[in-house]
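Okay, thanks for coming, everyone. Let me put today's structure up on the screen, and then I'll walk you through a few spots in it.

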Amino acid sequence: MQHRTSRVAAAATAALLGLAVALGSGLGSQAAAADPAALTGIILGVGANESQRIVTWYSSADTAQKVQLAPTASLAGGDFPASAATFAALGGANIATSGGFNRHATITGLQEHTAYSYRVGTEGNWSPTYAFKTQDFEGDYDFLFYGDPQIGSSGDLAKDQAGWADTLDVSLAANPNAELLVSGGDQVETANTETQWNAFLAPDKLRQYPWAATIGNHDVGGKAYEQHLFTPNTDRSAGLYANGQPASNTSGGDYWYIYKDVLFIDLNSNSYATAQGGGGDAAHLAYVTDVINQHGAEAKWKVLVYHHAIYSPADHAKDGDNKVRRVDFPTAFSNLGVDLVLQGHDHSYSRSYLIKNGQKADANEQPGAPDVYPGPGGVLYVTGNSASGSKYYDITTPDNSGTSGAGNGADPLNPSNYWYNSVQNQEHVRSYVKVEVRNDRLVVQNLRSGTCAAPNAAVELRKVAWCNNTAADQPVGSVVDKVTVHPYQGDGQQVQVNVPTGAPGEFGWTIDGYNGLVDLGTAQDRNGDYFQASGHINPIVVSDSRRSLAPWSISASVSDFRDGGKTFSGAYLGWTPKILAPGVGAQASGPVASAWDDQGGGLAVSRGLGWANQGHPKGTAQLGADLDLKIPGTAEKGDYRATLTITALSS
Ligand SMILES: [Fe+2]
């Protein structure tokens, strides 16, 4: 009996063992069939505007994939909610030397002031979760610009990666609310070397802040740049590739995007001469002209980005190809109203004088001036130093080839510098450029992200013989250069119209066309008694297609007028509202006099612009108002500005 029981137990055990083996081999064959894709190289990229992002990654398998996105606040215990949005990925096979496949997806419809979480892949095989945030979709913001990380350039991949990661960490710790990371090109040393791309992409900051890619001469010799960095609104036509062959093992194309009042246009400057096979600089200029004609009015600033600095201070300053671009580009950029050009390639920092039509715009602009005032056509050109420390170029000496166009002559005001540069700097320390976008100025700074100490590959490896930085006086975060660009706006007084978020639903209003500054011109002196100026607001379009036919009203008030410490009351501004295009039952509100006339509150208190009664027809109307400013004759001379805030009400 005991023996028999034992035999039964032994048989049962054997059966269980057999099952366990079968289960194990079953798992193995299942895994081989599905082969979950390895998801690598994930990077958050800039989208077509502030409400978009593009995520790009590599996949080991050619499977359907997507980006999943949700407000971070909606995640429970790290799990995405059922309501999470998904964005289908596109992509194709990588070139053979890269192996695998590339995927990218465009995230659209982002909301303001929101922290988001995202991951890539598919059900059952998601990447880790990453996060980014949005901020206000209007108004001021900062972006950061990074010259040539060129990972692998020093010959020591780990040291290059360490310097690159440290610059990202330092710059974003100092500027956690920066909204864009803009590339100066040369992400890596060797175009298709994936170990270099892995090192470049290693820092998680590149999954938290959008990278705006720029192609450099070290990126152009293969497809890996395009495989890793998908960009919005990209024109991949033959003329914008150096060899004229987009399908070949090369990268290229020009692209543009608008991020909160800045139109960025990013060019493949590797292509500059038709002799290479592409469209040369003429193709880039046609592209820039076309984009500015179509979209320039949608932004207040125009920033160009490309790799090959045309006004730079170091090894590449006298390169023949840059002399070509220096003749081809500047007059067109002046004529197109470009404000700022960001460049790389020369691994040194420079800030140009204001350049107009290929010459110094104002012979009297002083070296290192803290404030510059471009008249029409004045353009500022900035060259970024190495963001990683992988390679530095030393400042070179001017020659006798002249002080305009392609010339590399000396600056009469500072003969050790090139004629075109206000500031040149090389200390052999890592740095980055910070740009503050404000409604009436751009502030451009070059900031140290390292010292002579490690991580600083080129110094550590003695690729350069010296390092000219005193950590005590020039620590991490200190300023190499700072300049404020005050745009040309004529001589008059101006009103900035500030547009808040439109009311939800089908009732809304918007500024009609480009919301330019309202220019009241130069006030006229009325017999020493008072000053008077007039103008009109940018037209406002109201639309209402709600079934409720509910009443609505639009009102506005103005701030005090200010110029530095000088001010006068907004009450001196009066207006006469009018209907520019009738519809939607719109009626103009009554006129309001300047306080100069009636000692009232003028527009310093909220006043109606227009309104409609309950039961009005559906449709749209265009509202306007003539402005009348009368200020006391005792007001101080100055260029004053005020903000008109518009408010809509509807039940
Ligand atoms: Fe470079």
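Before we get to the metal, the donor rule: donors are N, O and S atoms within 2.8 Å of the metal (3.2 Å for Na, K and Ca), and water is not among the atoms, so sites may look incomplete. Now, this is a predicted model, so local features need pLDDT of at least 70 and side-chain atom pairs count only at pLDDT 80 or more, while totals for chains, interfaces and linings use all residues. Residues are numbered from 1 along each chain as its sequence is written, and side-chain values use heavy atoms, with hydrogens and water left out.

Two of them come from distant parts of the chain: Gln 150 is in the loop between β10 (141–146) and α2 (157–174), and His 347 is in the loop between β17 (340–344) and β18 (349–352), 197 residues apart. Strands here are DSSP runs of E, at least two residues, and helices are runs of H or I, at least four, numbered from the N terminus.

Who holds the iron ion? Asp 148 (OD), Gln 150 (OE1), Asp 186 (OD) and His 347 (NE2) do, at 2.1 to 2.3 Å. And what is the geometry of the site? It's irregular, with angles of 83 to 174° among the four donor atoms.

The cut-offs are under 20% relative accessible area for buried, over 50% for exposed, and partly exposed in between (1.4 Å probe, protein chains only).

On to the rings. Phe, Tyr and Trp rings (six-membered ring for Trp) pair if their centres lie within 6.5 Å; planes under 30 degrees apart are stacked, over 60 edge-to-face, the rest tilted. That rule gives 25 aromatic pairs. One of them is Tyr 311 with Trp 419, edge-to-face at 6.0 Å centre to centre and 75° between the planes. Both residues, Tyr 311 and Trp 419, are buried. Trp 419 also pairs edge-to-face with Tyr 420, at 5.2 Å and 80°.

Elsewhere, ring pairs link Tyr 141, Phe 143, Tyr 255, Tyr 257, Tyr 259 and Phe 264 into a cluster.

Definitions and conventions:
Four donors count as tetrahedral if all angles lie between 85 and 135 degrees; four count as square planar and six as octahedral if opposite donors are over 155 degrees apart and all others between 65 and 115; anything else is irregular.
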